[in-house]
Amino acid sequence: MKEAYYKWFSPHLSRDIEMLVFGHSGKPVILFPTSMGSFYENKDKGLIESARWYVEEGLIQIFCPDSIDRESFYNKTIHPYHRITNHVWYDKMICHEIVEKVKNNTPSGKVVVAGCSFGGYHAANFAFKHPGYVSHLFAMGGAFNIKSFMDGFYNDTVFYNNPEDYLHGLQDYELWNMDVALGTSNWDICFDANLKLSAILKNKNIPHWLDIRPNREHDWPVWQEMFPHYLSRIHFH
């Protein structure tokens, strides 16, 4: 399995960003790390290995960018306004410095976004904000509300990065073309968050699969099962 390391200066973040890329060709999969996770977390935790067959067959190429959660949502030393602003710059970096560069590696001109736990938030928020760029969303043990990070602060920027809030008003037809899988379990600490997001999508008639696995913890073993299963939903040309 081909593995490549990239490091570049991000003009959107005014700092260096690191990323691992797995595979030599195929549909681009942007795989976000969990809370405050690094660009190598998904490799270290076995999630890349779980998708080895798809990667080695040249069906997918997995891009694992760094997170900046320590500078955004988890940075209690700065005002919530600056936390959410930093996240917006991260979203711009993902969009303009990664997705727009790799989306045309495949005929559809779209990417897959995926992530576990808080990476599931990042994937979902990116997909719902940029539905024209995303063909598939795979959230595993995700949570979709960031208000707990904002210490009561709320403005338009928080609203438009909180899927539970802004999804209700979205009308972009690309949302109805997206393949959405929400993976959770009755033991998942994010179980209720997935039920809530599923209800919002159902209310808008947005097709999705709420995948509830029985009696599994909010942890890597079940995500390692989900990830290759969800990848099988992609129609490879």
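Modeller: Let us start with a single residue, keeping in mind that this is a predicted model.

Colleague: Why is serine 185 counted as buried?

Modeller: The relative accessibility of serine 185 is 2%, and buried means under 20%, so serine 185 counts as buried. This residue is found in strand S7, and, leaving aside its neighbours within four places in sequence, serine 185 is in contact with Phe191, Ile212, Arg213, Pro214, Asn215 and Arg216.

Colleague: What makes the approach of the side chain of serine 185 to the side chain of asparagine 186 a polar contact?

Modeller: The distance is 3.3 Å, and a polar contact requires a pair of N or O atoms within 3.5 Å, where residues adjacent in sequence count only if both atoms are side-chain atoms. Here the contact does run from side chain to side chain. The side chain of serine 185 also reaches the backbone oxygen of arginine 213, at 2.9 Å.

Colleague: Why are H4 and H5 called roughly perpendicular?

Modeller: Their axes come within 12 Å and cross at roughly 70 degrees; angles of 65 to 115 degrees count as roughly perpendicular, and H4 and H5 are therefore described in that way.

Colleague: Which kinds of residue form the contact of H4 with H5?

Modeller: The residues there divide into six nonpolar, three polar and two charged. Among those that meet are Ile94 in H4 and Phe126 in H5.

Key: Residues numbered from 1 in each chain as written. Predicted model: local features only at pLDDT ≥ 70, side-chain atom pairs only at ≥ 80, totals over all residues. Heavy atoms only, no water. Axes fitted to C-alpha atoms, helices over the stretch in contact; angles between N-to-C directions. Helix = DSSP H or I, 4+ residues; strand = E, 2+ residues; numbered from the N terminus. Parallel < 35°, antiparallel > 145°, perpendicular 65-115°, else oblique. Contact = heavy atoms within 4.5 Å. Nonpolar A, V, L, I, M, F, W, Y, C, P; charged D, E, K, R; others polar. Buried < 20%, exposed > 50% of the residue type's maximum accessible area, 1.4 Å probe, protein only. Polar contact = N/O pair within 3.5 Å; in protein donor to acceptor, adjacent residues only side chain to side chain.
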